[in-house]
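My notes from the walk through its structure are below, in the order I looked things up.

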Amino acid sequence: MATLSIIILVALFAATLIPAFDLGLGALAAAFLIGLAADVAADDVTGFFPADFFVLIVGVTALFAVAHLNGTLDWLLDLLLRLVRGRLVLIVLVPFVIGAVLTAVGTLPAAATAIVSPIALGFAARYRISPLIAAVLGVTGIISGLLSPLAVYGVTARELSEKQGIALPGSAPVSFLLGGLVTGLLVCAALLAAGTRTGAIPPGRISAPPASAAPDGSAPAPSAAPDGSAPEPSGAPSGGTATLVSTAPAGTRERRGARVLTIGCLLAVVVLSVAFDMNVGYLGLTAALILQLALRLPSGEIVSRIPWNVVLLIGGLLTYVGLMQHLGAFKQISDFLRVDGSPLLSLLVLCYIAGVTSFAASSIAVFVTTMPLLPPLVADGVSPVGGVLALALASVMVDINPLGITGGLILGAAEPAARPRLFRNLLIYGLISIPVAPFLTWLAFGWW
């Protein structure tokens, strides 16, 4: 049954070539049918549905829908545009920096992705930057800070090493942080080089819009730079984005009050999720409700902006992946990749096991379950710091794909017209990262 579930997963992705096929519905139906064949009760199959993901993406996208409706999100994007003096290359780095700072101070990756994705995809929609480049840069920033002494991976790496009897030097926390940052910066540099060369990141500057908002409460669109390199504003048909229609009060004082309240709610969500480890999905839902009532926004406008098709897509896929894990499909893949060899070669295989399994499963769970395989390699001569770094980064570098919460949040933040292409691009990027990322992390840190 594990083998059959792998074959059907491949068939599901192949079926996406059929224009009328819905992958989310197909995954749910496949989970039900495989469950019947494997004698797994329907209630147990339903238990694999990621309820936490549902709350997370609905809550966060509802909050940012409110911020979009009252013009606050566009106002924030314009403010960031002025801070970087309109340079598009610097604009795409803003989500990278925000993501790195958030995770470095302890924000959970999913919460950081929920905060960064709307910013990154907002820039992409307004200035015709590649959504894939913008999204990958934001998530790469999140990955860069994951191994800081305060971050979940940094803390987990030290605790697991101690439990497994792996002796880490006193400089290990700094080495973990630097390893993650260097990796993220190298990926960032490669993306910027590729983006500027291919035109995915337009050259030149965008002139920042004036500080005052448009009469309807929305922020005015940016004007073109003198060199003519600037893209069209976000309402342009060629950009594929919807024109913002603000429902905020028309008066200047009312608009300012709406922005202050919205920014206060956004900051409260960030602070409460980071400092008190509160659920960012429920925080987003609560903040969205408070703003909707306070600003008298139509609830239908907010609910309609929640990407229900993305919820169905990722919820269906994760349900099927949960059933695959229950049947032992990923263990079968890991066993297939295991070979005998030198300690360094064994570390490479372990990195591939982590990477392949993390593609469709929880990265932190994969990291935790593969760490017990590391002590024998350390005893045979593998560097303890290098081994932990290689294994941790191999687990997270394949996260940028549409099969998990990270991909779902990215798709939810994208413009509806851009989602099908972005899904395919994220899937291709994720599939390419499986053979490439574990090898590069092993090559960079295996010799440490």
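Here are my entries, from the whole chain down to single residues.

**Entry 1: the overall picture**

I started by noting that this is a predicted model. I then asked how many helices and strands the protein has. I found 21 helices and two strands. Next I looked up burial: of the 448 residues, 53% count as buried. I also checked the contacts in the protein with a separation of 6 or more, and residues 24 or more positions apart account for 80% of them.

**Entry 2: helix 7 against helix 20**

I moved on to helix packing and picked helix 7, residues 109–127, and helix 20, residues 405–413. Their axes are 8 Å apart, and the angle between the two is about 30 degrees. Are they roughly parallel or roughly antiparallel to each other? Angles under 35 degrees count as roughly parallel, so helix 7 and helix 20 are roughly parallel to each other. I noted the crossing of this pair as right-handed.

Then I wanted to know which residues meet here. From helix 7 I listed Ala-110, Thr-113, Ala-114, Ser-117, Pro-118 and Leu-121. Their partners in helix 20 are Ile-405, Thr-406, Leu-409, Ile-410 and Ala-413. Sorted by class, the residues of this contact are eight nonpolar, three polar and no charged.

**Entry 3: helix 20 against helix 21**

I stayed with helix 20 and turned to its packing with helix 21. Here the angle is about 150 degrees and the axes are 10 Å apart. Angles over 145 degrees count as roughly antiparallel, so that is how helix 20 and helix 21 run relative to each other. Helix 20 makes a right-handed crossing with helix 21 as well.

In this contact, Ile-410, Leu-411 and Gly-412 of helix 20 meet Arg-419, Leu-422, Phe-423 and Leu-426 of helix 21. I counted classes again and wrote down five nonpolar residues, one polar and one charged.

**Entry 4: aromatic pairs**

I searched for rings of Phe, Tyr and Trp whose centres lie within 6.5 Å. The count comes to two aromatic pairs.

One of them is Phe-54 with Trp-308: the ring centres are 6.3 Å apart and the planes stand at 40 degrees, so I logged the pair as tilted. It links distant parts of the chain, with Phe-54 in helix 4 (residues 51–69) and Trp-308 in helix 14 (residues 308–327), 254 residues apart. I looked up accessibility for both. Phe-54 is partly exposed at 33% relative accessible area, and Trp-308 is partly exposed at 39%.

Phe-439 and Trp-442 form an aromatic pair too, 5.8 Å centre to centre with 40 degrees between the planes, again tilted. Both sit in helix 21 (residues 419–445), three residues apart, which is about one turn of the helix. Is each of these residues buried or partly exposed? Phe-439 has 34% relative accessibility and counts as partly exposed. Trp-442 has 18%, and buried means under 20%, so Trp-442 counts as buried.

**Entry 5: Ile-166, a residue in a loop**

I then went to Ile-166, which lies in the loop between helix 9 (152–163) and helix 10 (172–198). Is Ile-166 buried or exposed? Its relative accessibility is 6%, so Ile-166 counts as buried.

What does Ile-166 touch? Leaving out residues up to four places away in sequence, I noted Ser-161, Met-371, Leu-374, Pro-375, Val-378 and Pro-384. I also looked up Val-385: it is 219 residues from Ile-166 in sequence, while the C-alpha to C-alpha distance is 9.2 Å.

**Entry 6: positive phi outside glycine**

Asp-39 is not a glycine, yet it has a positive phi of about 60 degrees. I placed Asp-39 in the loop between helix 2 (23–37) and helix 3 (42–47). At 74% relative accessibility, Asp-39 counts as exposed.

Arg-296 is not a glycine either, and its phi is positive at about 55 degrees. I found Arg-296 in the loop between helix 12 (280–294) and helix 13 (299–304). Its relative accessible area is 67%, so I wrote it down as exposed.

Key: Residues are numbered from 1 along each chain as its sequence is written. This is a predicted model: local features need pLDDT of at least 70, side-chain atom pairs count only at pLDDT 80 or more; totals for chains, interfaces and linings use all residues. Side-chain values use heavy atoms; hydrogens and water are left out. Axes are lines fitted to C-alpha atoms, for helices over the stretch in contact, and angles run from 0 to 180 degrees between N-to-C directions. Helices (H or I, at least four residues) and strands (E, at least two) are DSSP runs, numbered from the N terminus. Angles under 35 degrees count as roughly parallel, over 145 as roughly antiparallel, 65 to 115 as roughly perpendicular and the rest as oblique. A crossing is left-handed if the near helix is turned anticlockwise from the far one by less than a right angle, and right-handed if clockwise. Contact means heavy atoms within 4.5 Å. Ala, Val, Leu, Ile, Met, Phe, Trp, Tyr, Cys and Pro count as nonpolar, Asp, Glu, Lys and Arg as charged, and the others, Gly among them, as polar. Rings of Phe, Tyr and Trp (its six-membered ring) pair if their centres lie within 6.5 Å; planes under 30 degrees apart count as stacked, over 60 as edge-to-face and the rest as tilted. Buried means under 20% relative accessible area, exposed over 50%, partly exposed in between (1.4 Å probe, protein chains only).
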